[in-house]
Amino acid sequence: MKSLLITLLFPLILVGCQTTGVLLRDTPLNISETRKVIVSVVGEVRSISENGRELFSKYYDRRGNPIQNMDMAKERYYSHLIVLGDRRPYNISVDVLVEARDQDGGWDLVDHDDQKAAVLADKLKKALNQSRDSRNIIDDFRSF
């Protein structure tokens, strides 16, 4: 009985551990420069977490254009970026979420768009590598 229970529960546990999106590994910049690069790629952000490591883009449509009239939209996308790690090099998690309007007029999360996340991660990776030349050698060093 125990072995049957374990064989039935183990796959459910593994399925619950799957992640979506794209993970950029070993990014070279410090937190503040990484945040600046993220904002330069995704545009003005909708919100930033208290510690500055979690950023949410503004809402956009399927083609990537900003949504002008949210009342008329039936579907909206947004990017969720998280800077992971306690010291450099950091990892960046890039996820694009899809929400659809429900019957009550609210929004429900319906999907993750890994294809759009991969495109965004590629742009972000290029921008992070381009900005390596302009960074400080010592993070936030001030002699006086």
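**Helix packing and strand pairing**

Reply: We may begin with a pair of helices: in this predicted model, helix 2 and helix 3 cross in the right-handed sense.

Me: At what angle do helix 2 and helix 3 pack, and is their arrangement parallel, perpendicular, antiparallel or oblique?

Reply: The axes of helix 2 (residues 31-42) and helix 3 (residues 114-130) lie 10 Å apart, and the packing angle is about 130°. An angle over 145 degrees would count as roughly antiparallel, and 65 to 115 as roughly perpendicular. The angle therefore makes helix 2, relative to helix 3, oblique.

Me: Which residues of helix 3 make the contact with helix 2, and how many residues of the contact are nonpolar?

Reply: Helix 2 contributes Thr34, Val37, Ile38, Val41 and Val42. Helix 3 contributes Leu120, Lys123, Leu124, Ala127 and Leu128. By class, one residue of the contact is polar, one is charged, and the number of nonpolar residues is eight.

Me: Which residues of strand 3 point to the buried face?

Reply: Side chains alternate along strand 3.

Me: Which residue of strand 4 stands opposite Glu54?

Reply: Strand 3 pairs with strand 2 in the antiparallel sense over three bridges, and there Leu55 is the bridge partner of Ile48. Strand 3 also pairs with strand 4, in the antiparallel sense and over three bridges. In strand 4, the residue opposite Glu54 is Ile82.

Definitions and conventions:
Residues are numbered from 1 along each chain as its sequence is written. This is a predicted model: local features need pLDDT of at least 70, side-chain atom pairs count only at pLDDT 80 or more; totals for chains, interfaces and linings use all residues. Side-chain values use heavy atoms; hydrogens and water are left out. Axes are lines fitted to C-alpha atoms, for helices over the stretch in contact, and angles run from 0 to 180 degrees between N-to-C directions. Helices (H or I, at least four residues) and strands (E, at least two) are DSSP runs, numbered from the N terminus. Angles under 35 degrees count as roughly parallel, over 145 as roughly antiparallel, 65 to 115 as roughly perpendicular and the rest as oblique. A crossing is left-handed if the near helix is turned anticlockwise from the far one by less than a right angle, and right-handed if clockwise. Contact means heavy atoms within 4.5 Å. Ala, Val, Leu, Ile, Met, Phe, Trp, Tyr, Cys and Pro count as nonpolar, Asp, Glu, Lys and Arg as charged, and the others, Gly among them, as polar. Buried means under 20% relative accessible area, exposed over 50%, partly exposed in between (1.4 Å probe, protein chains only). Two strands pair if DSSP finds at least two bridges between them.
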